[in-house]
Amino acid sequence: MVLVTGGAGYIGTHTCVQLIEAGYEIIIFDNFSNATQEAIKRVEAIVKQKVPYLEGDIRSDSDLEKVFTQYDITSVIHFAGLKAVGESVAEPLKYYDNNVYGTLVLCEVMNRHNCKKIVFSSSATVYGDPHTTPITEDFPLSATNPYGKTKLFIEEILRDLYNADNSWDIALLRYFNPVGAHSSGTIGEDPNGIPNNLMPFIAQTAVGKRERLSVFGGDYDTTDGTGVRDYIHVTDLAAGHLKALAYFDNNKGLLTVNLGTGKGYSVLEMIQAFETASQKTVPYAIVERRPGDIAACFADPAYAKKVLDWEATKSIEEMCEDTWRWQSNNPNGYK
Ligand code: NAD
Ligand code: UD1
């Protein structure tokens with residue numbers, strides 16, 4: 001059985017749908033700090049079966065002990081974590097505690113139960129400000145904010161763990177920018193309060209919840225002066241997790257892979273694509289750069305193709321259409 005920590009969240013729910021559809025038995029473990037039970041109900045409606053879950057915290061040895069005692073867990077997909085960059089600058093201890101300490105407790109309990117297979121949600125943020133693009137997995141690592149540092153530290157911890165005991169199988173999946181939603185329009189990204197990320201902000205502006213999008217910087221050294229990112233459809237991303245699990249059916253080791261499309265789109269291109277998909281206008285104004293932002297970031301996805309036989313399949317049009325279906329059907333998210 002696969003334990004999915006943070007399985008009630010944005011990427012977690014989409015991955016759970018695919019795991020169940022592929023015949024995996026799963027158990028979701030989530031403290032619902034950034035998710036709702038309603039999201040799990042929606043997953044159940046998609047897969048037409050009950051989806052087991054336990055409410056618990058990865059920082060609690062006893063919460064995890066309960067899951068490992070009750071179920072025969074053979075691998076873990078570890079999504080649970082906090083992810084707001086700005087909040088991590090304001091409250092660094094909260095991030096180190098939740099993300100780093102939580103992962104330590106999880107690994108301890110896994111060790112105790114001789115479950116040594118983990119797929120970890122890392123991020124392209126571990127490349128810091130890359131010296132060039134596209135980014136390959138051997139680029140130097142750095143982090144500019146506490147959130148990014150938690151990803152970097154957890155990667156280091158998992159590498160050390162593997163070096164100490166290579167009976168572990170560890171996949172470090174470095175996501176680029178996840179967007180989009182399940183094609184049913186019933187599950188999607190449901191940020192708390194004002195979204196920090198571009199796509200949810202665009203979507204909420206198109207649906208009328210926000211007056212205007214601020215485009216952070218128009219003077220970057222990019223095609224149109226706005227920031228360029230590698231947006232990847234969340235269902236493509238989810239599929240990467242199934243590939244990583246399947247990889248360990250026939251291979252052992254420590255795997256570090258970019259999950260991106262290899263294509264970069266500017267903020268203005270994203271606005272344009274979203275307007276076309278939604279047939280709505282997205283009012284915007286170009287403002288100052290956001291501190292800590294980089295000009296361009298996109299993956300070299302060749303290694304993922306080679307080692308996992310995985311590649312992103314969905315276009316920017318589908319990413320926008322699916323985001324719009326979710327946003328317009330659920331203007332207030334799961335509430
Ligand atoms: P999310 O907030 O929707 O999902 C995270 C889930 O973890 C939530 O359901 C939350 O309730 C749960 N959680 C948090 N702390 C927990 C704890 N201590 N114990 C148990 N559950 C806990 O975020 P997401 O976008 O689905 O991201 C999933 C993972 O991917 C995170 O680790 C995130 O840092 C990473 N990631 C996300 C992005 C992105 O842009 N969404 C990019 C790169 C990496
Ligand atoms: C951000 C985080 C990164 C994290 C990722 C998760 C920062 C500095 N980086 O990445 O650590 O892993 O989210 O999804 O926060 N933009 C606007 N207006 C907005 C929002 C964004 O113009 O209201 C621009 C940004 O300047 C950037 C692009 O849109 O050029 C994408 O921004 P965002 O969605 O926040 O992602 P990242 O900055 O790439």
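Analyst: Strand β1 (residues 2-5) runs parallel to strand β4 (residues 75-78), and the two pair over four bridges. Here strands (E, at least two residues) and helices (H or I, at least four) are DSSP runs, numbered from the N terminus, and two strands count as paired if DSSP finds at least two bridges between them. Within this pair, Val2 stands opposite Ser75 in β4.

A quick word on what you're looking at: this is a predicted model, where local features need pLDDT of at least 70 and side-chain atom pairs count only at pLDDT 80 or more, while totals for chains, interfaces and linings use all residues. Residues are numbered from 1 along each chain as its sequence is written, chains are lettered from A and ligands numbered from 1 in the order in which they are written, and side-chain values use heavy atoms, leaving out hydrogens and water.

Back to the sheet. β1 and β4 belong to an open sheet of seven strands, in the order β3-β2-β1-β4-β5-β6-β11, with parallel pairing. Its edge strands, β3 and β11 (254-259), each pair on one side only. From one strand to the next, the twist averages 20°; angles run from 0 to 180 degrees between N-to-C directions, with axes fitted to C-alpha atoms, for helices over the stretch in contact.

Now for the helices. Helix α3 (residues 61-70) packs on the sheet, touching β1, β2, β3 and β4, and its direction makes about 170° with that of β2. Touching, or contact, means heavy atoms within 4.5 Å. Helix α8 (residues 234-250) packs on the sheet as well, touching β1, β4, β5 (117-123), β6 (169-175) and β11, and makes about 160° with β6.

Then there's helix α2 (residues 37-47), where the buried residues include Ala39, Ile40 and Val43. Buried means under 20% relative accessible area, exposed over 50%, and partly exposed in between (1.4 Å probe, protein chains only). Their cover includes β2 (26-30) and β3 (53-55) from the sheet, along with α1 (10-21) and α11 (316-329).

α1, β5 and α6 (146-164) each supply at least two.
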